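Here's a quick briefing to read with the model open on your screen. Have the viewer ready and follow along topic by topic.

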Amino acid sequence: MTIHSSSNHPRVKLKHLDHLWFQVTGTLCNLACTHCFNSSGPGVRTFDFLSRETIALELQQAVRLGVREVFFTGGEPFLHKELIEILALSLQQAPTTVLTNGTLINDRLAQQLAEIEKTSRYSLEIRISLDGYTAEMNDRLRGPGVFDKVLEATARLARRGLLPLVTVVRTWPESEELRIIAGFMNALQQSGYNRPRIKILPSLPLGRELTRIENGHHEILLTEEMLRGFDRDLLMCSNSRIVTSHGIWVCPLLVEEPDARLGTSTKDMQPDYELRHRACHTCYQYGTFCQNVSASVEGMPNIE
Amino acid sequence: MRTRLALLGGTYSNWRALQATLSDIQARSVDSIYCLGDFGAFGPYPDRIFPLLQEAGVQCIQGNYDNSLAGGLEDCQCGYTDPRDNHFAKISYRYTNENTSPQYKSWMGTLPHQLCLEIDGHRLLLCHGSPRKMNEFVWNTTSPDQFLGHLLEEAAADIVCATHTGIKWHRQITSRQHWINVGVLGRPENDGATNVWYTLLQISGAEVTVEFVPVIYDHRALAEDMRKERLPQEFIETILTGWWTTCLEILPHKERANGKF
């Protein structure tokens, strides 16, 4: 927990609900990755599943508010038995992204995903996490056998015309970036994903990852001074909210922080939020990394 | 009364495509010509664009590339995170920056960020990326109706015309509301054809007509220019084949899947 009471922390308003997130399977996951930012895992029920009905209602509300994109995360979203129906429902209203570990995507699911993508006028993005380009590198963080399963899943999707966005948490110095990305490209291509799309994410000082990296790191929190001249639109809290089984939270990174709960549904999207967590600093530092690259709004001042 | 506008997207230094476009427009009895910014990047001899625009009386607004060049910034503000895309973006920006005369850089700095017009009761807004942000990518398959409606209402516009993404599209959202991406003249739109596109917008009373016009130009001569200027082979390949080879990370899934790389 990194709550601080200093009044110097900046407050950010929700400017417009560009992105609505659903923690569709709560914190339940079939893996227990050592760097998970919301400590999801097998049997972890800190947050529970969302029903299709709840999602439909929240979506309806979000569409009225002009929502731009919808994201499904967890836990592992494919543990939800109705996920395909939920994604199809969402795609009728908005471009939709699902963030998955990929291990549950078998031929049947890959086929269903290809079908709902084909019939939608909006893009479906399947974001699959991978943390190494060899089994040894990846499975150390994500568990034994995961690397092979993920590569099989990306190939299954690619065979059906889907190009999953493979997300990789940066755990190497910048000087090694090109070599490491080439390693990922090769591994994915060799397994049958010919046109790999890769997105590098910063590591998040949250959840299990916080415990992992805690030693040697001191706290960095945001201040008003740091945000002077900074484009606040780059912060997720200015454009996103997440629906969980326990209500609506300010952003997907802060679901373990009780003060980041805003109310029971999208109707309770509080106008502003005080940025007093380390994750807020990560968001400030790296910008719009939670979004798909294609949706990013970066760098420039607003047009007045 | 009928009003007809020619709307040009980013020229990316493709002076040969701009020349072909302007002569095509001459034959079409157009009332005004607008260019929505990003004059440089990607192509050869950036200074050749500006006299063409000025001679044809094209009214221009500023794009992110122009904003960067005029302001002496270090990059084009496209916001790439992929190291390969960044590598090529840097080459392109450095070349354009070094080969654009100071007088044109200053001129770009004087351009408006957007223009508002009123034609037959339709409120038009011309911008580069979106009404709220110059470098916002607004793609067809990641922009649902309710979101476009929100942008239009926030900008108090009935019709928004933008460019920036490199791929043209048009959607009518309600009986009055339109979002038009006018395409670009700078490079082909990742469909395996070598032509580029501009847009004719005709307003006659309540009626709004959008026509995308293909421009076939001497793309082989442009490739030759690019070779002479030692621009990357990857850029030349795009001009010759119609497939994007760089800056691919910005594409949403559907637009990416439609391409070759």
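This is a predicted model: local features need pLDDT of at least 70, side-chain atom pairs count only at pLDDT 80 or more; totals for chains, interfaces and linings use all residues.

Chain A has an open sheet of nine strands, while chain B has one of five strands. The contact between the chains takes 32 residues from chain B and 32 residues from chain A.

**Chain A: the sheet**

- The nine strands line up in the order E7-E6-E5-E4-E3-E2-E8-E9-E10, and the pairing is mixed.
- At the edges you'll find E7 and strand E10 (261-263) of chain A; each has a single partner strand, so one side of each is left without a neighbour in the sheet.
- Going from one strand to its neighbour in this sheet, the turn is 25° on average, direction ignored.
- Strand E5 (residues 124-129) of chain A runs parallel to strand E6 (residues 165-169) of chain A, and three bridges join them. To find the spot, look for A:Ser129, which stands opposite A:Thr167 in E6(A).
- E6(A) also pairs in the parallel sense with strand E7 (residues 197-201) of chain A, this time over five bridges. Here A:Val166 has A:Ile198 as its bridge partner in E7(A), and A:Thr167 has A:Lys199.

**Chain A: how the helices pack**

- Helix H1 (residues 52-64) of chain A and helix H2 (residues 83-93) of chain A cross at roughly 10°, and their axes come within 11 Å. That makes H1(A) roughly parallel to H2(A).
- On the H1(A) side the contact uses A:Arg52, A:Ile55, A:Ala56, A:Leu59 and A:Val63; on the H2(A) side it uses A:Glu85, A:Ile86, A:Leu89, A:Ser90 and A:Gln93. By class, that's six nonpolar, two polar and two charged residues.
- H2(A) also lies across strand E3 (69-73), strand E4 (96-100) and E5 of chain A, and runs at about 150° to E4(A).
- Helix H4 (residues 135-142) of chain A packs against helix H5 (residues 146-159) of chain A at an angle of about 105°, with the axes 8 Å apart. H4(A) and H5(A) are therefore roughly perpendicular to each other.
- H4(A) brings A:Ala135, A:Asn138, A:Asp139 and A:Arg142 to this contact, and H5(A) brings A:Val146, A:Phe147 and A:Asp148. The tally for H4(A) with H5(A) is three nonpolar, one polar and three charged residues.

**Chain B: overall build and sheet**

- Chain B has nine helices and 10 strands. Its radius of gyration is 17 Å, close to the 18 Å that the globule rule gives for 261 residues, so chain B is as compact as a globular protein of that length.
- Taken along the principal axes, the C-alpha atoms of chain B fill a box of roughly 50 × 40 × 35 Å.
- The five-strand open sheet of chain B runs in the order E3-E2-E1-E9-E10, with mixed pairing. Strand E3 (59-60) and strand E10 (207-215) of chain B are the edge strands, and each pairs on one side only.
- Strand E1 (residues 2-8) of chain B and strand E2 (residues 32-35) of chain B run parallel, joined by four bridges. One handy landmark is B:Leu8, whose bridge partner in E2(B) is B:Cys35.
- Helix H1 (residues 15-26) of chain B lies across E1, E2, strand E9 (196-204) and E10 of chain B, and runs at about 135° to E10(B).

**Where the chains meet**

- Most residues other than glycine have a negative phi, and most peptide bonds are trans.
- The peptide bond from A:Gly74 to A:Gly75 is cis, with omega near 10°. A:Gly75 lies in the loop between E3 and H2 of chain A.
- B:Tyr12 has a positive phi, near 45°, and is found in the loop between E1 and H1 of chain B.

Methods
Residues are numbered from 1 along each chain as its sequence is written. Chains are lettered from A and ligands numbered from 1 in the order in which they are written. Two residues are in contact if their C-beta atoms, placed from the backbone, lie within 7 Å. Axes are lines fitted to C-alpha atoms, for helices over the stretch in contact, and angles run from 0 to 180 degrees between N-to-C directions. Helices (H or I, at least four residues) and strands (E, at least two) are DSSP runs, numbered from the N terminus. Angles under 35 degrees count as roughly parallel, over 145 as roughly antiparallel, 65 to 115 as roughly perpendicular and the rest as oblique. Ala, Val, Leu, Ile, Met, Phe, Trp, Tyr, Cys and Pro count as nonpolar, Asp, Glu, Lys and Arg as charged, and the others, Gly among them, as polar. Two strands pair if DSSP finds at least two bridges between them. The radius of gyration is taken over C-alpha atoms; the globule rule is 2.2 Å times the number of residues to the power 0.38.
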